[in-house]
Amino acid sequence: MNALHQEWLALQSQHERYEALALGVKLVAFAATVLVPDNTLAVALLALLWLQEAVLKTFQGRLGDRLLVVEAGLKAGEGATAMQLHSDWLASRPRGAGLVMQYLKSAARPTVALPYPLLMLLVVVI
C-alpha cells in the first residue's frame, strides 16, 4: 500500500468521524430543546450548537476536498503528492471574514440547518 492509499484511508475515516460528531451535536440540540427550561437560554444554546456543527462540517469539507485530490492522484497513478492536507489548506486558507463566511455557508447548508430553526421555533412556541 502506497502513501496515497494510506492517506485516503486515514482521511476517509476522519471524514466519517466528523459526520458522527455532527450527528452528536444534533442530538444534543434535540436534548436541549426538551431539557433546558429557560426559552432564551435554549434558543441561545441552539444557535451555538448550530454554529458548532457548521464548524465541524467546514472541517469535514476540507477533508473531503483533500480526499478528492488523493482520489484523482490514485486514479492517475500517483499524480498527487501524499500527506499534504495542511500545506495545501494553508496555501488557500481564507483569513478573517473569508473564514467566517465559510462557517456561515456551512451553517446554511440544508443538511446542517434543517433542525435548528425548527427547534428554535418549537422552543419559542411551546
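Thr33 is placed in helix H1; helices here are DSSP runs of H or I with at least four residues, numbered from the N terminus. The model is a predicted one, in which local features need pLDDT of at least 70, side-chain atom pairs count only at pLDDT 80 or more, and totals for chains, interfaces and linings use all residues. Residues are numbered from 1 along each chain as its sequence is written, and side-chain values use heavy atoms, with hydrogens and water left out.

Thr33 has 15% relative accessibility and therefore counts as buried. The classes are buried under 20% relative accessible area, exposed over 50% and partly exposed in between, with a 1.4 Å probe and protein chains only. The side chain of Thr33 reaches the backbone oxygen of Ala29 at 2.9 Å. Beyond four places in sequence, Thr33 is in contact with Leu46, Leu119, Leu122 and Val123. Contact means heavy atoms within 4.5 Å.

Leu46 lies in helix H2. Its relative accessibility is 0%, so Leu46 is buried. Residues up to four places away aside, Leu46 touches Ala29, Thr33, Tyr116, Leu119, Met120 and Val123. Leu46 and Gly64 are 18 residues apart in sequence, and their C-alpha atoms are 26 Å apart in space.

Leu46 also belongs to the largest nonpolar core. Such a core is a set of buried Ala, Val, Leu, Ile, Met, Phe, Trp, Tyr and Cys residues joined through side-chain atoms within 4.5 Å. This core has 20 residues, of which Leu11, Val25, Ala29, Leu46, Leu49, Leu63 and Tyr116 touch the most other members. H1, H2 and helix H6 (115–125) each supply at least two of the core residues. H2 gives the most, with seven. In soluble globular proteins, nonpolar side chains tend to be buried together.

Glu7 is a charged residue in helix H1. Its relative accessible area is 5%, so Glu7 is buried. The side chains of Glu7 and Arg66 are joined by a polar contact of 2.7 Å. A polar contact is a pair of N or O atoms within 3.5 Å; within protein, one must be able to donate a hydrogen and the other to accept it, and residues adjacent in sequence count only if both atoms are side-chain atoms. Leaving out residues up to four places away in sequence, Glu7 touches Arg66, Val70, Ala82, Met83, Gln84 and Leu85.

Met83 lies in the loop between H2 and H3. At 47% relative accessibility, Met83 is partly exposed. Its phi is near 60°, a positive value in a residue other than glycine. Most residues other than glycine have a negative phi. Leu9, in helix H1, is also partly exposed, with a relative accessible area of 45%. Leu9 and Ala82 are 73 residues apart in sequence and 12 Å apart in space, C-alpha to C-alpha.

The largest pocket holds about 290 Å³ of space. On a 1 Å grid over the protein atoms alone, a pocket is an open set of points where a 1.4 Å probe fits, with protein on both sides within 12 Å along at least five of seven lines; lining residues have an atom within 4 Å of a point. Grid points are joined across faces, edges and corners, and a volume is the space filled by probe spheres set on the points. The largest pocket is lined by 15 residues, and Gly61, Arg62, Asp65, Trp89 and Gln102 are the closest to its centre. Helix H2 (39–76), helix H3 (85–92) and helix H4 (97–108) each give two or more lining residues. H2 gives the most, with seven. The lining comprises four nonpolar, five polar and six charged residues. Ala, Val, Leu, Ile, Met, Phe, Trp, Tyr, Cys and Pro count as nonpolar, Asp, Glu, Lys and Arg as charged, and the others, Gly among them, as polar.

The second largest pocket holds about 190 Å³. Its lining consists of Leu11, Gln14, Tyr18, Phe59, Arg62, Leu63, Leu85, His86 and Trp89. Helix H1 (3–35), H2 and H3 each give two or more of these residues. By class, six are nonpolar, two polar and one charged.

Ile126 is found in the segment after H6. With a relative accessible area of 72%, Ile126 is exposed. The C-alpha atoms of Ile126 and Leu99 are separated by 36 Å, and the two residues are 27 apart along the chain.
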